[in-house]
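Dear colleague,

Please find below the structure that I am handing over to you.

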Amino acid sequence: MAGKTDKINDFVVRFANVNGTGSASANFLFTKAIFRMGVPVTPKNIFPSNIQGLPTWYEVRVSEKGYLGRREGIDLLVSVNPQSMLNDIKSVRTGGYFLYDSSKKLHAEYIREDINYIGVPLMQMCNEAYTDARQRQLFKNIIYVGALATLLDIEFNVLEDLLSEQFKGKEKLIPANVKALKLGVDYIHANYKYPLEFRVERRDLLKDKIMIEGNSACGLGAVYAGATVAAWYPITPSTSVVEAFMDYSAEFRVDKITGKNNFAIVQAEDELSAIGMVIGASWNGARSFTATSGPGVSLMNEFLGLAYFAEIPTVLVDVQRTGPSTGMPTRTQQSDIMEAAYASHGDTKHVLLFPSTPKECFESMLDAFDLAEGLQTPVIVMTDLDLGMNDHVSPPLTFDDSREYKRGKVLDAAALEKIEKFGRYLDIDKDGITYRTLPGTHPSKGSFFTRGTSRDEYATYTEDSAAYQHNMDRLIRKWDTAKNMVPAPQVYQKKNESKNGILFFGTSQYAAEEAMDILKEEKIVVDAIRLKSFPFNKDVEYFINSHDTVFVIEQNRDAQMKSLLMIELGVDPKKLISVLNYDGMPITADNILNQVKVNLRSSSKSLMSKN
Amino acid sequence: MTYVRPKFRHPELQKNKLGYTVDYYEGALSTLCAGCGHDSISAGIIQAAYEMNIEPHKLAKLSGIGCSSKTPAYFLSNSHGFNSVHGRMPSVATGANLANRDLTYFGVSGDGDTASIGMGQFVHVIRRSLNMTYIVMNNGCYGLTKGQDSATADQGSKNKGGNVNLFESIDLASLAIELGATFVAQSFSGDKAQLVPLIKAAMNHPGFAFINVISPCVTFNNNVGSTKSYDYVREHIGATATVDFVPEMQEISIEYGKGTHKNVTMHDGSVIQLHKLAEDWNPLDRQSAMNAVINAKAKNEILTGLLYVNPDAHDLHDIIKTSDRPLNTLTKEELCPGSEMLNEINADLR
């Protein structure tokens, strides 16, 4: 249209919808079609804490280079929500496009001279083509997907295939959907020049990659990890973790002969009860987990302290959202770091895992159970709303069939027979990890009293100062053992190439890697490390010690990971420069670059890259 | 502190069917106050477990926090015990039971632990019909923090400090009936003859079995004016029936006084033998049981004995259709769908 340089596979489309109008499946159809054309694509739901009626957005970034983080600057806005239209128009970049329902004429105040308007009379077309009120609403969404297909060169047969898969078993619905797609296609053909200067071109960039939400991957991971008991209390954005566990369990865990379940899922009355059930089940030898978000972790604090001190394996998924308090329940953040690391009163520390991709969500669950049982302590899988509730292009999930479940130091009846006197908290192996027994194992040996009160090595209650301190010191020995058991960080270079490093974790990976590429193009070299777990191992310590400046990228206001690094590794605070994002939206590469460059400029030349 | 009980016992103590004498069911020496009602209840639990031929290691005892919750240390030392956090024993018991349905679960709580901080969990564990015995050692006060009123203290009851409780009390037994508990009983720590058969019947019950035991606090709530003192309870006690519990295939004969007999046969063939004392009361009818409690209360009487039982109880495992085999015995081969299936899942996600 505008005769500018064509941009292939590099643009952002944002859909402005009304919550509860069936737009989600149409928008996913659009995303999946691009995925099927072999082009990296990343969608973000920007939704309200509401079921019906409020504005909701769906933002899709297409990136030939495979950048899967969010990007600012909307190239094309699809407007189906009059409520948010004024702001939606403002959000389009200069030279961008605004696709709207032209059944009614746009008011003068909605006209911007620096953007292009594409009017499609969605409502009018639907009213003419369909009689049913619900269909008239639903097919508006499909019509704009048809229009976009033409504008952006999305292959029509890919959309058709997706519809046939979606309505497998309900084939009657396919023709009406295809008809709506064609209405959109034909309208653009008849009224506008197409395709736009930015558009999709088929590639083979995705190979064997899949598209899945992090929460589904966590739920499936729990199935593969052999979890049998799940207890939970519904809370956004974690609910779909347990729902996925439910669905996959129903598929894979129902005994074919008896029809009975090789799993138990209980919706608890609150998060306290949910974690209590997990602790009870784990104490009794089942792999058990719960999923929650920040407010739930707050409620679980007391029980987490018990699990730490009484040494009971506990697996918890924290899908973080924007706090504090109820905060923005449907927005993302990495702001539970401190809460999770030191949950509960007294001296406590907990093992944390930080997956970045759905594949890692799946693997984190496998690791979490092995670590929780291996270390007899809580393990918290720290994901966030961005990872959990958005579809992500991810490497395929993998499981090595030779991988055994590591159940930790549990004595069976035969082992107990050989022991003169069982001591639940005797550190026989000097690694801080002691041997436990399960109820029902042996008629006369191995029983003990699990308690949150102080006890001696034989689990007998004591208020003896020396015995108490001896136990607390052993727990630190166990913590040190944990450092060598948790997943090591990803270090991006074989040996240091710069005095500057960047450090990040979780969903900041996407934007951080993109920022690194851009810095490289600008001949600015920085080293990088991605944390995968807490406690920090020696690689993390080395990375920080061997750089003059480390930029710590995180998605919270208070630089919580920086604090944790300072506390646990004794790092000089001046060495750590925070790069923060805490507006509730996923962090972008531009945001990182701006913050890093400001600091690089203001620091002395010696801090700049050697190269 | 926990003290070890001396090992010496009378050489001719009788053995139960498993060959254990009653001392095999004992625990550490109690550190509660001398004369505490809770110690009598512990003794009742020991006696019941002995008479029921329970394998101690096949029983898990769980509790919350408080004087009552300390007692699991004082009985069944060959059982695993779990002293959890305040008011949260029901959730821990639920998880434990889900993991291994083959054990007997025995929960001990107090009136503070259940009727205040743990009310939510108490209500919901009943609603879920967890197969467990839940005993509240109810003394109407907070012992460990020196005698504050609890939510089960009767309105108008005077505590040791002379303060009169201004608030309505929570009646745990009628609440349990209301919420659908399938076995509800009330007893008095001073009435071992009644308490032991009730505990036996409760342990045998295939669903949620609740016993509210009035258990006077000798230190903080045994004064004149208290409605939970030994004297007051003895003066105001009434009973629905004398009760005995007969495990399957066991012949026993008991001398009954005048009144009507009623036998409740459970699904496993065991029998709860009742010699009814209360009028217009049917232990199989919830409404009748509620009426009996309310009528007794109106007469300032503490109604004890079995209040309500439903022999057709279904537990949580039945409701959610869990495997008959304990979940904690399932192996990786049974639980993990494997890599081939994962490849199919991956394919569906492209």
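Predicted model: local features only at pLDDT ≥ 70, side-chain atom pairs only at ≥ 80, totals over all residues.

I begin with strand 7 of chain B, which spans residues 183–188. All 6 of its 6 residues are buried, so the strand is largely enclosed by the rest of the structure. In a regular strand, side chains alternate between the two faces of the sheet. Here both faces are covered: F183(B), A185(B) and S187(B) lie on one side, while V184(B), Q186(B) and F188(B) lie on the other.

Two strands of chain B pair with strand 7. Strand 13 (residues 302–309) is antiparallel to strand 7 and is joined to it over 4 bridges; within this pairing, Q186(B) is opposite G305(B). Strand 8 (residues 208–214) runs parallel to strand 7, with 6 bridges between them, and A185(B) has I211(B) as its bridge partner there. Together with helix 7 (residues 192–204), strands 7 and 8 of chain B form a right-handed β-α-β unit.

The largest nonpolar core contains 269 residues, and L99(A) and I143(A) touch the most other members. Helix 4 of chain A (residues 133–152) is the greatest contributor to this core, giving 11 residues. Leaving aside residues up to four places away in sequence, I143(A) touches V120(A), L122(A), M125(A), C126(A), A180(A), L183(A) and G184(A). A second, separate core has 5 residues, among them C141(B), Y142(B), A153(B) and C217(B).

Yours sincerely

Methods
Residues numbered from 1 in each chain as written. Chains lettered and ligands numbered in written order. Buried ≥ 20, exposed ≤ 12 C-beta atoms within 10 Å, placed from the backbone. Pairing = 2+ DSSP bridges. Right-handed = clockwise from strand over helix to strand, strands pointing away. Core = buried A, V, L, I, M, F, W, Y, C linked by C-beta atoms within 7 Å. Contact = placed C-beta atoms within 7 Å.
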